[in-house]
Amino acid sequence: MPAYLAYLTERLRSAGGHLAIEQVATLDPTTHGVPVIVNCTGIGAHALVPDPGVYPVRGHHVVTTNPGLTDFLEADTGDSTDLIAIYPHREHVILGGTTERAVWNRRAEPDTAERILARCIAVEPRLAEAEVLDHRIGLRPHSTPHPP
């Protein structure tokens, strides 16, 4: 994702655009002296718009050293909130994860991380020797359908 975001940022600048990351209280472009605002508030739309129908789907991933993996893997876990995903990058691997509806907690949870590691090691035993480097917690926006 960081490489793709850098690419998109460069495309924006090449097209004459300006990237400003700031907190705003309104999405009215005239308030900010610009012709267009691209709304990338994600879960922040819950309070900004406000849209009480927007709620988070919490994702917890564990980042480890890479023991030599090169293939991405995602296993179908059905409706479970426990996912199995292995995303190798050069020096590290991102292991996933969880998909917890309506959970606002952004803190890493050791028990959750241990379960993620155990699921991924069961699929790829080389991960047993990997060192945990970080935890990545994200709140992806989701919304309930609005009545017509």
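How many salt bridges does the count come to? Three. Keep in mind that this is a predicted model.

**Stop one: Glu-100 and Arg-58**

Select Glu-100 and Arg-58. Their side chains meet in a salt bridge, with N to O at 2.7 Å. Now show the strands. Glu-100 sits in strand 5, residues 100–101. Arg-58 belongs to strand 1, residues 54–65. Are Glu-100 and Arg-58 buried or exposed? Both are buried.

**Stop two: Arg-119 and Asp-82**

Next, select Arg-119 and Asp-82. Here too the side chains form a salt bridge, at 3.7 Å from N to O. Arg-119 lies in helix 4 (residues 110–123) and Asp-82 in strand 3 (residues 82–88), so this contact ties together parts 37 residues apart in sequence. Check the surface again. Arg-119 has a relative accessible area of 16%, under the 20% cut-off, so Arg-119 counts as buried. Asp-82 has 27% relative accessibility, which makes Asp-82 partly exposed.

**Stop three: Arg-126 and Glu-124**

Finally, select Arg-126 and Glu-124. This pair forms a salt bridge as well, and the closest N and O atoms are 3.0 Å apart. Arg-126 has a relative accessible area of 43%, between the 20% and 50% limits, so Arg-126 is partly exposed.

Key. Residues are numbered from 1 along each chain as its sequence is written. This is a predicted model: local features need pLDDT of at least 70, side-chain atom pairs count only at pLDDT 80 or more; totals for chains, interfaces and linings use all residues. Side-chain values use heavy atoms; hydrogens and water are left out. A salt bridge is a side-chain nitrogen of Lys or Arg within 4 Å of a carboxyl oxygen of Asp or Glu. Helices (H or I, at least four residues) and strands (E, at least two) are DSSP runs, numbered from the N terminus. Buried means under 20% relative accessible area, exposed over 50%, partly exposed in between (1.4 Å probe, protein chains only).
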